[in-house]
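Here is a short briefing to read alongside the viewer.

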Amino acid sequence: MTQKNWSERINPVVRNLPPSGIRKFFDLVSETKGVISLGVGEPDFVTPWHIREACIYSLEKGYTMYTSNWGLLELREAVAADVEGTYDIKYNPRDEILITVGVSEAMDLAMRVCLTPGDEVLIPEPSYVSYAPCTILAGGVPVFMPTGLENGFRISAEQVQASITPRTKVLLLCYPNNPTGAVMDREELLKIAEVAVQNDLMVISDEIYDRLTYVGQHTCMASLPAMRDRTVLLNGFSKAYAMTGWRVGYAAGHPDIIGAMTKIHQYTMLCTSITAQMAALEALKNGRPAMRHMVEHYNRRRHLVMQAFRDMGLPCFEPGGAFYAFPEVSATGLNCEEFAEELLKQEQVALVPGNAFGQSGEGFVRVSYAASLDDLSEAFRRMARFVRRCGVRTKVISAPVKIAKAQSALKEGILSNL
Amino acid sequence: MNNITRQILELLEDNAKLAPEEMAIMLNIDLVKVRGIIKELEDKKAILSYLTLINWEKVGEEKVNALIEVRITPQRDVGFDAVAERIYRFPEVRSMHLMSGTYDLAVLLEGRSMKEIAHFVATKLATIEGVVSTASHFVLKTYKQNGVIIEDNEEDRRLMVSP
């Protein structure tokens, strides 16, 4: 009897989808002992106790049933009030807000609703690992807009304009950004909004890190002129309230879009877990002080991280949001995967190679500072030792690297002009 | 109090071991300024002391704690303060508060045995002039002290690497 090849039976779209670049590294880390991990993409705080306690109470009271497909009305009302209070955008909680199983589900729904086969989605890069796969699964084509150290990992309106083709349907925004920590300023977003309007693009804006903004104020894309109905705003509770495992988020936008998303949600998910929704409601009602406390802690660590990389001699742009730093490691002579692997083997510090977040992440690593002060200090001691062994000397040496880079960039510019 | 002073105090309240150098980086301010603010706070006794919270049980050391409710007679001009001082000057008294309600002073004692504490209450505390009555409550178990949970089993359960 011949062995059946089940793999052939799998939908080729899924079969050909590359697995997450983090997976391989995850296995390597799991096999190593004594690791300090700065590779974690979630808060190191446990969900504040008042939220956990409210959830226990909801279980005691017997809140164990389905909710409306849209989510608990009380929670949608609280979300509407929170968004209005923060960004002055009004959403009708009855048909313009959908409670989802985290932003991950909301992203999938938004893509499926917006895309028809062959539609192109503009995605800043480096960025979170799910955007391209969600695009592909929805029949779309991801088109990446590379960013780098020189532009602070921010996209520009010109870049968006230059990436547009007749098939471009959606512009995806993801700021504050994972993995770079980059934030967009209002002026550039206004210009990007104009481009979106001129070219009739939908915008899907993943603003899960909005409350973790340390430099300036976060601008919500939907709050800009003519953008409210054009934008599907995605947000949730994972990062601001340290609620990653609860899996609860939301989408807000025009009733036609949110209604369509709800149609898919009702057949595939039915509703978000009521227990998680009860917890989210408590977070919105009473979670502000704990959130501020956490944000203050992240910001202090952010300064420590910046200083650590300055001392090590690794160029690192100042992250304005999220809880990641994205230093360039090319000066060590290693590519990002080699750097991460060797650092893990030699010094037992885990971080994520930058190319897991797209091609333009090559040469960088993502360092999460959602870790205790003790762990951060020890990890930086080890990392500094490793970097020194790779021949990188402090600041003085790192400057020529930057200058050399600038010179070569200049040369390329001159050459391309010839 | 300005925001920087508040932040320095919060950092130290949380971790007295933090060096001024670390605080300067974390708060993104000048080291000389941090040192100056701390010095000023120490001088005016806003910062009273840098203590260490110890779980003595872990090193096999027996300690007995008790809460003594003390009723006292207030005195003309000084109220409760004179009697209070005679009590809190004893090193056995770890903390002491003037309370509203049915008794006046909450006195927290620490000793090596129940006998030692009983002896202190009977011979020292209860005999002070102005002390009307005492009621002793021995601590059976301490769950949390100064905001720190004694046996906190909530370790980091996150995956080692996640996107």
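What covers the buried residues of helix 13 of chain A? The cover includes strand 1 (36–37), helix 11 (288–312), helix 12 (336–347) and strand 10 (349–350) of chain A. Please bear in mind that this is a predicted model.

**Helix 13 of chain A**

- Helix 13 of chain A covers residues 373–389, which makes 17 residues. The distance from its first C-alpha to its last is 24 Å, close to the 24 Å expected at 1.5 Å a residue.
- Its buried residues are L376(A), A379(A), F380(A), M383(A), F386(A) and V387(A). Looking down the axis of helix 13 of chain A, these buried residues fall within an arc of 125 degrees, so they line one face of the helix.
- On the face of helix 13 of chain A turned away from the buried side, you will find the exposed residues D374(A) and R389(A).
- Just after helix 13 of chain A comes G391(A), with a positive phi of about 90 degrees.

**The sheet of strands 9, 12 and 11 in chain A**

- Three strands of chain A form an open sheet in the order 9-12-11, with antiparallel pairing. Strand 9 (324–325) and strand 11 (352–353) of chain A stand at the edges with a single partner strand each, so one side of each has no neighbour in the sheet.
- Strand 9 of chain A pairs with strand 12 (residues 365–368) of chain A over 2 bridges, in the antiparallel sense. A325(A) is placed opposite V367(A) of strand 12 of chain A.

**E328(A), a buried loop residue**

- The loop between strand 9 and helix 12 of chain A holds E328(A). This residue is buried, with 22 other C-beta atoms within 10 Å.
- Apart from neighbours within four places in sequence, E328(A) is in contact with L149(A), L314(A), P315(A), C316(A), G363(A) and F364(A).
- E328(A) and I258(A) are 70 residues apart in sequence, and their C-alpha atoms are 40 Å apart in space.

**Strand 8 of chain A and its partners**

- Strand 8 (residues 249–252) of chain A is covered on both faces. G249(A) and A251(A) are buried on one side, and Y250(A) and A252(A) are buried on the other.
- Strand 2 (residues 97–100) of chain A runs antiparallel to strand 8 of chain A, and 4 bridges join the two. In this pairing, L98(A) has A251(A) as its bridge partner.
- Strand 7 (residues 231–236) of chain A also pairs with strand 8 of chain A in the antiparallel sense, over 4 bridges. Here the bridge partner of N235(A) is Y250(A).

**The two domains of chain A**

- Chain A is divided into domain 1 (9–46 + 290–411) and domain 2 (49–286). Their centres, taken over C-alpha atoms, are separated by 26 Å.
- The contact between these domains takes 35 residues from domain 1 of chain A and 35 residues from domain 2 of chain A.
- On the domain 1 side, helix 11 and strand 9 of chain A are the elements that give two or more residues. Helix 11 of chain A supplies the largest share, 6 residues.
- By class, that side of domain 1 of chain A has 21 nonpolar, 10 polar and 4 charged residues.

**Where chain A meets chain B**

- The contact between the chains involves 22 residues of chain A and 12 residues of chain B.
- On the chain A side, helix 2 (21–30) and helix 11 of chain A are the elements that give two or more residues. Helix 2 of chain A provides the largest share, 5 residues.
- The residues on this side of chain A divide into 12 nonpolar, 7 polar and 3 charged.

**Chain B**

- Chain B is divided into domain 1 (3–43) and domain 2 (62–140). The centres of these domains of chain B, taken over C-alpha atoms, are separated by 36 Å.
- In helix 4 (residues 81–88) of chain B, the buried residues are V83(B), A84(B) and I87(B). Seen down the axis of helix 4 of chain B, they fall within an arc of 100 degrees, so they line one face of the helix.
- The face of helix 4 of chain B turned away from its buried side carries exposed D81(B) and E85(B).
- The buried residues of helix 4 of chain B pack against strand 1 (64–72), strand 2 (93–98), strand 3 (105–111), helix 5 (114–125) and strand 4 (131–138) of chain B.

Technical notes
Residues are numbered from 1 along each chain as its sequence is written. Chains are lettered from A and ligands numbered from 1 in the order in which they are written. This is a predicted model: local features need pLDDT of at least 70, side-chain atom pairs count only at pLDDT 80 or more; totals for chains, interfaces and linings use all residues. The expected span of a helix is 1.5 Å times one less than its number of residues. A residue is buried if 20 or more other C-beta atoms lie within 10 Å of its own, exposed if 12 or fewer, and partly exposed in between; C-beta atoms are placed from the backbone. The arc is that of the directions from the helix axis to the C-beta atoms. Two residues are in contact if their C-beta atoms, placed from the backbone, lie within 7 Å. Two strands pair if DSSP finds at least two bridges between them. Ala, Val, Leu, Ile, Met, Phe, Trp, Tyr, Cys and Pro count as nonpolar, Asp, Glu, Lys and Arg as charged, and the others, Gly among them, as polar. Domain bounds come from an automatic or database domain assignment.
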